[in-house]
Structures are given as C-alpha cells and as structure tokens.
Amino acid sequence: MTARRKKPEELRSHRWYGVDDMRSFGHRSRTAQMGFHRADYAGKPVIAILNTWSDINPCHTHFRQRAEEVKRGIWQAGGFPVEMPALSLSEPFQKPTTMLYRNLLAMEAEELLRSYPADGCVLMGGCDKTTPGLVMGALAMNLPAIFMPAGPMLRGDFRGQPLGSGSDTWKYWAELRAGNITAEDWKEVEAGIARSPGHCMTMGTASTMTSAAEAMGLTLPGAASIPAADSRHAQMASLTGRRIVDMVWEDLKIRDVVDARAIDNAVTTVLALGGSTNAIVHLIAVARRAGVALDLARFDALARKTPVLADVRPSGRFLMEDFFYAGGLRGLLSRIADLLDGSARTVNGRTLAENLAGARVWNDEVIRPRERPLVAGDGLAVLTGNLAPRGAVIKPPAMEARLHKHEGPAVVFSSYDDMAARIDDPALPVTADSVIVLQGAGPQGAPGMPEWGQLPIPKKLLREGVRDMVRISDARMSGTSYGACVLHVAPESHVGGPLALVRDGDRIALDVPGRRLELRVGEEELAARRAAWRPPAPRYERGFGALYLEHVRQADEGCDFDFLEEGKPTPDPEIH
C-alpha cells in the first residue's frame, strides 16, 4: 500500500504563496523581486536551509559551498530552497562559552521555521553546540527535518606524527609547561593541528553529536563520518537536499523519527564511540524537547552493558578520518546491532536495521570487534553521593586506572580566575594525591557551564612526572579532553550545591566502580557551612544573559530553559 502524499494546496507554504489575496500578492511580488518566477515555487515545497556558516566558525568554512549543493538537490527534487543564516556558535572563539548560547540557537531555529513559509528544513551544523541547538529547535516546531553534518577535518601532522584537535593541544601544552618541548616545537604543533575545513577529528563533542544525530535517524546513512574535505561530503549534501523534498510530500516529521527508541539508540551509540560527556547534557535536552524521559540513570544503565569499540582519541589511538576509512558509523553500529532498536524509523523512510544492512568494518584496530573491545563497559559513569546528590559524570577510559578508587585532601579554587592565579604557585599545598576542586563553573556560576573541567595539573607536579590526578567541578569538559575529571556536579555550587561547601583539606573519596563521590565531612559541620553560605551576585542583569540566568535548568536536566521544554506547541502565525 502506497503512503498518501500531500497535495500542493496542503503545503504549509500555500498559505503564503497560494492564496488569492493581497498578502499573497505581496509575498509573490517580493519573491519576484529576488529574481524568481512563479514557476520556481508555485505548488512546490519551500525548504528552509538553516546554515550556521560564518567567517568566525572554522568548522563550517565549507558550509557556504555545501549550502549550494543542498540547494542543487532541492531543485532537482522539485522543491524551492530558501537559505537562512542561523547563529553560528563557533566553539574556538565564542566566549565565555557556546553553551551559554545553545538555547538561543534553539530558539532562533524554532522561530525561523515558524515565522517563515517553511514546509521542511535542512539543518546544517556540526561544531559542538550547533547540532543539539538546531535539533532542539526543529523538534519544537516539528516540521519534516533532516540534518546535514559538517564532517570532521583531516588529520593533523607534527613531524610525521598524527595530531588530534584538542587532545594533542592539551598533551603538548602540558609538555611545554613541564619544559619538555620548546616554544618552537609548540609553534609547529599550532601550524599542523588544524589543516582543513571541518570540526574536530577526535571523538570530541562535534563528532559525538553528529554521530548521535545519525543514530537517531536524522541524517542519511553514513553522513556523519565523511571528512569535510572529501568529495563524498558534497555528494551527501545534494542527496540530503533531494531527500527533504520527498519527506515533505510524505509528511515525515522530525518527531516521527525522534522517539524513545531513537533516543536510546543515540545514547548507546555515544557510549560505543567513547563519546564526549557533553552528549549527556545535550541528549537530555533533545529528549525533553521530543517528550521523551531521559535522565542520568539511563545513561549509567546503558553504559554498564555497552562496549567501547571505537579506538579513537581521546580514549583510543586513531582519528575520525581513520574511522571513516574503517567503515564509519554504519560499520560500528553493525557491530552493536543487538544493543540497538532496529525498528526505529529514519529520515530516509527506512528503519535503522534496514539502513545497516550490508555495513562492514574494514579495520578491526580502529573499530574493534565485540570480543576485543577498547573497554568492555562503563565508557561513562554516573556518580552520586553527598557531594553530588543529583549526579556527576566521569569518563573512566580517559583516566589513569589507578585513580578509579581514590581518596585525598581537597585543594579548592573558588573561581576560574582564582585557579589561574594560583595553580602554578610553587607554594600551593598540593601533591599527586590531592583532589583539585573548582567552584563557580556551572550553568549559572560561570555562567554557561564552560569547558573548564579538565583542570590543569600544577606545574610543579608536571615536572615530577604527574600527568593525571582527580579533579572535580560543576563545569563541562571538552570531548577532546581526558583525565580523572569529575564533571557536571549537580546541583552546582553557585546555587548552594554541596560543592560550594568544600574547604581546603577536606577529604574527598572517588569510587568509580561503586559510582560514589563523597565529601568526608560530618553532617553537623556541613550544616554550619550551609547556614553561612550566601548566594553570589548574578553575573548578568540585562539582555540574553539575564534571561539565561532566570530560566536555565541544571546539568542533570539538560541545561534547557524551563519554558522551552516539552509543552503545549506554539500555534502557527496568522497570515494577516
């Protein structure tokens, strides 16, 4: 039985273009002003291309051209493409953090799609927060939508050795601070680490989230793994443009794809990739926009049974270019097919299981077989205890195994500036057994929950050969980072969470196998500290920052705005 296809007069854009009244006259005449004949759009789906290209976003340098290739596919399929710029969220440049503005992109995406005559949309993103921001906005609007990932950049190079963005930055920065490499060596690393368009080619947040989008069924099969500079990436852009037109006629909306099965598939995929801890915050926010319950306990439950098969930095050895040549995401998913719900629907109209048919792995070192995983389970761990009543997260494969169970005295920094001023002070009372604590780095405290979680190891310890130690904060950590870093402590210190009560010398116990994070201070003393605690002054009193501080939720809830989560949909605008 053939599914019913929409009629032209049922298109959402028909209300703008197809009605015989004065308003439609204005819409048609202004479209003619832009050089389009009525035959270009009459009775055709209008496809909004939300493009996060900008001159300040190196990950999306190629998106200006890719948008043209998406348009080509839309024209070929009988649609009318309309490119709309959206907030770019450039991870390397935007301060204090792109996370502060993820919800702003989500709001912009939703309102662009609602207020203009869009029948469907292509979401062009890749740099860390662009993927969840675009998907969150599209879910709120619930039109036919397909995601076009930016793709990873090519491998870096330093004296014949591959460099991975982020991961090797932290590595060589530590060696520079320890005096093991020179300033000239450091300049060579700088020159060779990012040498093509595309997002980070490690399993950072960008590759993690675009892979999650594919696992959710929001991209064409195989789209997330193609390097940005590969000609197959341009071909995928055109195919994406072609497919969205058919999705409109089929009335295949984004919420028809993103359901509880899709969310679980995305979480399982992130875990099998050894993906970024940032995915936890983003996927919880995405799930809530889709009306799907997702919490930290679900991540922990799936982590216990999901092996890490991607031997990709920072947890492993290789880079995304190698991952693509080894079979890409389809290859990896074929090896965990029994852990996925293959019945989940995807944007090409087929099920996930159908899309994985024939997928192969060509290099067992890069994508490990099940009997030889990088890690058998616990690629991620959710911790609770009196220091994190609502949870905290850690990435066990990225830390030294000796620290999985550790207890030591706290060395506390009240802010990032305090840490920057004192961390390398030779008089700092810190040893390799100490637990470094950073306060004031959460959603409200920083504000925006920046990627400060890979707290630096003091220079005097680096010179002693220390390369990992337990570090705790309410911040996030770059997906390219590594180390024994406890992150996303909730509730955060800025709102009076227990992290705000930690003092120098307090004993802190980390037990990754037991999933515990404990502050060894008596309840009576903690009660006295709590009574003496006073909330800090807000960082913003006007503009978007003030809106953010008033409405942002905590890390365990996805850091979305309370008024943007699943609820009664906003109606389409009247055409007056």
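# Reading strands, rings and cavities

Biologist: How many bridges join strand S7 (residues 381-385) to S8?

Modeller: Four bridges join S7 to S8, and the two strands run antiparallel. As a general idea, strands of a sheet pair through backbone hydrogen bonds, either parallel or antiparallel. Two strands count as paired if DSSP finds at least two bridges between them. Strands (E, at least two residues) and helices (H or I, at least four) are DSSP runs, numbered from the N terminus. This is a predicted model, in which local features need pLDDT of at least 70 and side-chain atom pairs count only at pLDDT 80 or more, while totals for chains, interfaces and linings use all residues. Residues are numbered from 1 along each chain as its sequence is written, and side-chain values use heavy atoms, with hydrogens and water left out.

Biologist: Which residue of S8 stands opposite Ala-381, and how many residues lie between S7 and S8 in their hairpin?

Modeller: Opposite Ala-381 stands Ile-394 of S8. Two residues lie between S7 and S8 in the hairpin that they form. Strand S8 (residues 388-394) is largely enclosed by the rest of the structure, because five of its seven residues are buried. Here, buried means under 20% relative accessible area, exposed means over 50%, and partly exposed lies in between (1.4 Å probe, protein chains only).

Biologist: In what order do the strands of the open sheet stand?

Modeller: The four strands follow the order S2-S1-S3-S4, with parallel pairing. S2 and strand S4 (145-149) are at the edges with a single partner strand each, so one side of each has no neighbour in the sheet. From one strand to the next, the twist averages 20°; for such angles, axes are lines fitted to C-alpha atoms (for helices over the stretch in contact), and angles run from 0 to 180 degrees between N-to-C directions. Strand S3 (residues 120-125) is joined to S4 by five bridges, and these strands run parallel. Val-122 stands opposite Ile-146 in S4.

Biologist: What describes a pair of aromatic rings, and how many aromatic pairs are counted?

Modeller: The distance of the centres and the angle of the planes describe a pair of aromatic rings. Rings of Phe, Tyr and Trp (its six-membered ring) pair if their centres lie within 6.5 Å; planes under 30 degrees apart count as stacked, over 60 as edge-to-face and the rest as tilted. By this rule there are 14 aromatic pairs. One of them joins Phe-36 and Phe-80 edge-to-face, at 5.0 Å centre to centre and 90° between the planes. This pair links distant parts of the chain, 44 residues apart: Phe-36 is in the loop between helix H2 (22-33) and helix H3 (38-41), and Phe-80 is in strand S2 (residues 80-85).

Biologist: Which other ring pairs with Phe-80 in a tilted arrangement?

Modeller: Tyr-41 and Phe-80 form a tilted pair, at 5.7 Å centre to centre and 50° between the planes. Since Tyr-41 lies in helix H3 and Phe-80 in strand S2, this pair ties together parts that are 39 residues apart in sequence. Both Tyr-41 and Phe-80 are buried, whereas Phe-36 is partly exposed, with a relative accessible area of 29%. One aromatic cluster is formed by Tyr-17, Phe-36, Tyr-41, Trp-75 and Phe-80.

Biologist: How many cavities of 30 Å³ or more are counted?

Modeller: On a 1 Å grid over the protein atoms alone, a cavity is a set of points where a 1.4 Å probe fits but cannot get out, and a pocket is an open set with protein on both sides within 12 Å along at least five of seven lines; lining residues have an atom within 4 Å of a point. Grid points are joined across faces, edges and corners, and a volume is the space filled by probe spheres set on the points. Two cavities of 30 Å³ or more are found. The largest cavity has a volume of about 80 Å³. It is lined by 13 residues, and the closest to its centre are Val-270, Leu-271, Gly-275, Ser-276 and Leu-380. Helix H12 (260-272) and helix H13 (278-289) each supply at least two lining residues. H12 provides the largest share, three residues.

Biologist: What is the volume of the second largest pocket?

Modeller: The second largest pocket has a volume of about 520 Å³. Of its 27 lining residues, Arg-114, Ala-140, Met-141, Pro-569 and Thr-570 are the closest to its centre. By class, this lining has nine nonpolar, three polar and 15 charged residues. In this scheme, Ala, Val, Leu, Ile, Met, Phe, Trp, Tyr, Cys and Pro count as nonpolar, Asp, Glu, Lys and Arg as charged, and the others, Gly among them, as polar.
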